[in-house]
Amino acid sequence: MAHVNAMHELTFQPWREHSAATVERAFAHAATSRGQLEAYKYTKWDKVVALLRPTRSESPVPCPGIEFRSLSWAHDNAMLAELLDLGIDQQPMLLAGFMQAGEIIYAQTTADARLNLNALGGNAPVYIDVAPGTRLTCEQRGGAVQAVYVRARDDAEVVHARDLSDTDEGWHGLVVDIHADASYTLHNFATGGTLQRQDTLLRARFEGARARVDSAAYIAEQAHLDQNFTVQHLAPRTISVHRCHNIARHAAKVTFNGRIYIDRDCPGVEAELNNRNLALDEAATFNTKPELEIYTDDVKCAHGATVGQLDADQLFYFLSRGIDRNSARAQLAQAFLRQCINGPQADDVERKIIQVLA
């Protein structure tokens with residue numbers, strides 16, 4: 001239990017009392033827990049920690065409908081306790097992304113708005129507070145490191161489009177807290193790289209909360225992509241749908257850990273988790289593990305994972321109509337990914353997959 005004590009020790013002391021060495025020791029303890037050893041089985045923990053060096057280069061660009069301010073652990077230690085309450089002590093890398101910076105950007109909506117995370121300056125952690133009944137469209141592109149926390153309050157709607165295709169080495173952490181009758185949708189696209197890790201935690205905290213993830217990834221020659229997704233249903237009559245399609249080729253390595261958790265006394269939950277993987281040659285490696293953890297009766301849950309190659313019958317159909325083999329394979333692969341590509345960045349993403357799979 002040393003890792004738990006180390007994490008909670010950080011909860012009750014201001015940031016200014018902690019040296020970088022103290023923080024790193026706490027996460028080193030956390031890394032030795034059985035759960036974290038399993039979660040980082042295919043990605044080196046220390047290499048990811050080495051990436052966590054947030055910077056601020058400029059002030060956020062003014063954005064209609066959003067108010068910005070800077071917060072630090074030293075002045076708002078309650079925020080750290082709030083994040084720990086979300087269960088991030090069980091996923092310390094998410095907490096690390098926030099704590100490695102002495103300052104974070106706080107963005108609060110006052111009306112319907114659009115937010116470009118790349119216009120905030122540097123890669124400091126971002127806390128996005130979406131006001132009740134408002135709609136936020138959030139776009140994110142690339143970047144080596146980014147930790148984002150979203151609170152979607154009652155009846156809010158958040159659409160988050162994230163294109164990480166231009167990132168060779170990076171870590172991206174995301175925590176989303178969904179209130180009553182609010183919805184959150186993530187459109188995720190990645191192409192892998194030398195080191196690519198995504199840690200995502202979605203919490204349906206109040207009745208009527210809805211979460212959806214559509215994720216598509218193309219992992220090329222000898223590239224790496226490690227995705228860790230957790231959806232927690234902590235209230236009755238909440239809904240989540242998660243679809244993740246990955247394509248890999250030429251000794252690429254792809255890992256997917258997906259977990260649905262349904263708490264006690266949460267009837268009426270509907271949850272779906274589906275990971276489909278397509279190998280374009282035999283040298284590609286997939287590690288996939290969808291999980292269900294359910295403590296309530298009267299729920300509807302489904303989860304699954306597949307790993308396969310292009311369908312021989314579909315390929316024959318193309319060939320029989322005079323389409324050459326390479327073009328046929330490219331079109332089938334593109335169609336496989338398009339099933340999970342939509343949202344604000346869909347057109348740009350489709351152009352990219354056409355180029356890489358042509």
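A pocket here is an open set of points on a 1 Å grid over the protein atoms alone, with protein on both sides within 12 Å along at least five of seven lines; a lining residue has an atom within 4 Å of a point. What you have open is a predicted model, where local features need pLDDT of at least 70, side-chain atom pairs count only at pLDDT 80 or more, and totals for chains, interfaces and linings use all residues. Residues are numbered from 1 along each chain as its sequence is written, and side-chain values use heavy atoms, with hydrogens and water left out.

**Stop 1: the second largest pocket.** Select R276, L278, Q309, Q314 and F336; of the 14 lining residues, these lie nearest the pocket's centre. Now colour β15, β17 (300-308) and α8 (325-338), the elements that give two or more residues to that lining. Helices (H or I, at least four residues) and strands (E, at least two) are DSSP runs, numbered from the N terminus.

**Stop 2: N275.** Stay in strand β15 (residues 270-279) and click on N275. Is N275 buried or exposed? N275 counts as buried because its relative accessibility is 0%; the cut-offs are under 20% relative accessible area for buried and over 50% for exposed, with partly exposed in between (1.4 Å probe, protein chains only). Show side chains next: N275 makes polar contacts with the side chain of N277 at 2.9 Å and with that of T288 at 2.7 Å. (A polar contact is a pair of N or O atoms within 3.5 Å; within protein, one must be able to donate a hydrogen and the other to accept it, and residues adjacent in sequence count only if both atoms are side-chain atoms.)

**Stop 3: strand β3.** Jump to residues 113-116, where A113 and L115 make up the covered face and R114 and N116 the uncovered one. In a regular strand, side chains alternate between the two faces of the sheet.

Methods: On a 1 Å grid over the protein atoms alone, a cavity is a set of points where a 1.4 Å probe fits but cannot get out, and a pocket is an open set with protein on both sides within 12 Å along at least five of seven lines; lining residues have an atom within 4 Å of a point.
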